[in-house]
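Have the model open and follow along.

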Amino acid sequence: MTAASLELAAEGGRTLHSAIDADSPLSIQGMTVSYGEKPAVFSVDAAFPRESMAAIIGPNGAGKSTLLKAVLGIIPTLSGKVSVFGEPVEKARRRIAYVPQRASVDWDFPTRVIDVVMMGLYRELGLLHFETRRHRDMACDCLERVGMANFAHRQIGQLSGGQQQRVFLARALAQDADLYLLDEPFAGVDATTEKAIIHVLKGLKEENRTVVCVHHDLATVTEYFDRVLLINVRKVADGPVDTTFTAENLQTTYGGRLATAQIDQLQLSLA
């Protein structure tokens, strides 16, 4: 199937797509992304409600990170519409904070932790990057929230993987956004860092923010999240965790990649 035929197929099914939800912090309609002739994401619809903690889950290569990058316009799409609080992404970027995968960042770049967090204040600082004591205090407060205040003047490349992830979360906090999009924030971090990150994310929800995470650990879905989107190139299901994170949907999403024993164990955790 060529890219052109993929686009026609996605456009041809548009009448089957759900409408953009103008009240949703993030609403996706008919999203299709292709790398060459193979679709990475095909005709995906999803909407995430306000003040929710949502996980995007699926096997490796299912299109989870691709979907998030397509939503942000980081990669091109063949078809699809995205709405953020009823506006196109381009008009709502001030309301979005994004934490990329740690592996995608050049950690050898010579900069201090405090300067990385200050990058989250770029809208306030403007083109001239005029910093004030208030800006520094705001950045330090964000570092305090993620338990990294004592590392403010450390070079970012000198930190452990978990510490680096906390710093990038602090940068996102500095943006004071309404919608937080995180690409595998718990990947490769230690247990202490994972607890610190989820504590901050749940705090954002309590502050009436919306959090959407690409997530890989099925064992923590019910503990961490209240919404879930299951995809494997196409959407399998989305909705509240208690009605959507089921053995049937997991088997459809993962197929033979998820052992029966794993599903049984997950079912026990849901009981």
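Start with Phe186, which is buried at a relative accessible area of 3%; buried here means under 20% relative accessible area, exposed over 50%, and partly exposed in between, with a 1.4 Å probe and protein chains only. Before going on, bear in mind that this is a predicted model, where local features need pLDDT of at least 70, side-chain atom pairs count only at pLDDT 80 or more, and totals for chains, interfaces and linings use all residues. Residues are numbered from 1 along each chain as its sequence is written, and side-chain values use heavy atoms, leaving out hydrogens and water.

Now for the partners. The structure holds two aromatic pairs. Rings of Phe, Tyr and Trp (its six-membered ring) pair if their centres lie within 6.5 Å; planes under 30 degrees apart are stacked, over 60 edge-to-face, and the rest tilted. Phe186 and Tyr224 have ring centres 5.4 Å apart and planes at 45°, so this pair is tilted. It ties together distant parts of the chain, 38 residues apart: Phe186 is in the loop between strand 7 (179-183) and helix 8 (191-206), and Tyr224 is in helix 9 (residues 221-224). (Helices are DSSP runs of H or I with at least four residues, strands runs of E with at least two, numbered from the N terminus.)

Tyr224 is buried too, at 9%. Tyr224 also pairs edge-to-face with Phe225, at 6.3 Å centre to centre and 65° between the planes. Phe225 is buried as well, at 5% relative accessibility.

Elsewhere, look for charges over rings, meaning NZ of Lys or CZ of Arg within 6 Å of the ring centre and within 35 degrees of the ring normal. Arg95 sits over the face of Phe85, 3.7 Å from the ring centre, and Arg171 over that of Phe168, at 4.3 Å.
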